[in-house]
Amino acid sequence: MLGSARYRARHLVKMLPSFQYPLSILEGHVTGRVFADREDEPTLVLVWETLGNVFLAGTPSPDANLNLSLLFNDTIIPAGANRKGVMFDVSFWPAEWQSLLPGMISLRPLIPDRRLLYTMDLPLSAGNAGVSLPTGVDGADDADGTHNADNADDAGRPPNTNTAGTMLETLEALARPPVACTLREVDADLLLTGAYRNAEYLRAEIDKQWPKPEDFLEKGSGYCVLQGDAITSWCLTEYPTDSACSIGVETVWQYQRKGHATAASAACLRKCVERGIKPYWDCYASNDGSRFLAEKLGLIQVADYPVYFLWYDKVDHLLVMARVASLEGRHEEAVIHYEEAFSLAAEADLSLSVLFGNPESRAFQFAAAARRCASGARLDLAATYLARAGDEGMDAGKVSAIAREIGVSM
């Protein structure tokens, strides 16, 4: 992409409510693909993180819409499925795309959702502690005058009175690990020696973002919590640019809700403050755990924006559609999606299914379907699905308890 075209593409991408991911790809820090409607002065840019996220920024037009439809249906979605991706979501600017996108993707219905963006008011190094800057100042990154979603959302807030020093003190307190645990920076020993349990999950997360672990060790940073020789939680910098990064956090399920993610995340954010790197924390609005943790860490919500998402596996996609319908009280529609999913699963290759690929997950889905059937007064079908949950290995006592809860005779 020519210099002027790259500048224009960067300008378009920064109009997105959350732009750190695509900006990192556009600047060459993270692997991805960039498509534009024009080689010289693009008016529409699509940035594709090849296993997951799609970012669309620019002006719709009949020709562009047709080309995008072909790109989604013939390239992006099949490639994600072939590479064993789980799902992708698409964020967009301007809002006009919200009504256009569902008609452009024919392989399966898009599911609407919302995401939240959090950040810090003061991305200063510890050496500048005690100096307060206006909210939203991003340094050289905004010198070109491009729109910054943070600045727009910050306009109605009172002046920032935080300092780097007070931030560091708060994060230092939160970074204390739970009893019998230690906090450790992610290094070559953790990643490469094979001496620590769960290191493969940490390594897999890094491999999604970086060509090789050495690149992360050179350009990224992160912290993890250890309990004995087990890595229990980690927080990593991701999608870097010169002055900002995204934050990714994960906890092994046995250690969730025990303070492990808080310690790892606080330590990672503290490192960002010390280095003068502005962190962005992006999550689905329905992810209560991530939202609560971001707010506990002192991050400020600066955007609430619409997205669409799609699961690559067709059975998984139908199960998610059923779940969404259930949460919105559309129980009859949920039952229809469950029936479609189970019918398709009977003949499908489930090796790539995340939500229906093993007996435990199948038992969970059958039990969920039984509850929705009971809510819609389809008690016979509820009993059938609950029996199938038992056939997949659900404990008989749990099956009986669910039956009593939903009023089904077994």
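Which residue stands opposite Val 54 in β3? Please take me through the strand it belongs to and what lies around it.

Author: Happy to. Trp 48 stands opposite Val 54 in β3. Before going further, a word on the source: this is a predicted model, in which local features need pLDDT of at least 70 and side-chain atom pairs count only at pLDDT 80 or more, while totals for chains, interfaces and linings use all residues. Residues are numbered from 1 along each chain as its sequence is written, and side-chain values use heavy atoms, with hydrogens and water left out.

Let us start with β2 itself. Strands here are DSSP runs of E with at least two residues, helices are runs of H or I with at least four, and both are numbered from the N terminus. Five of the five residues in β2 are buried, where buried means under 20% relative accessible area, with a 1.4 Å probe and protein chains only. Cover comes on both faces: Leu 44, Leu 46 and Trp 48 are buried on one side, and Val 45 and Val 47 on the other.

Next, the partners of β2. Two strands count as paired if DSSP finds at least two bridges between them. β2 runs antiparallel to β1, and four bridges join them; here Phe 35 is the residue opposite Leu 46. With β3, the pairing is again antiparallel and has five bridges.

Helix α3 belongs in this picture too. Its buried residues pack against β1 (33–36), β2 (44–48) and β3 (54–58), and also against β4 (87–93), α4 (97–104) and β11 (300–311). Among those buried residues are Leu 68, Leu 71, Phe 72, Ile 76 and Ile 77. The helix covers residues 62–82, and its 21 residues should span 30 Å at 1.5 Å a residue; the end C-alpha atoms are 29 Å apart, which agrees. That expected span is 1.5 Å times one less than the number of residues. α3 does bend by about 40° at Phe 72, the bend being the angle between axes fitted to the seven residues ending there and the seven starting there. Just after the helix, Lys 84 takes a positive phi of about 65°.

Finally, the wider setting. The protein chain has 16 helices and 11 strands, and 52% of its 410 residues count as buried. Among its contacts with a separation of 6 or more, 69% are between residues 24 or more positions apart, contact meaning heavy atoms within 4.5 Å.

Conventions: Buried means under 20% relative accessible area, exposed over 50%, partly exposed in between (1.4 Å probe, protein chains only).
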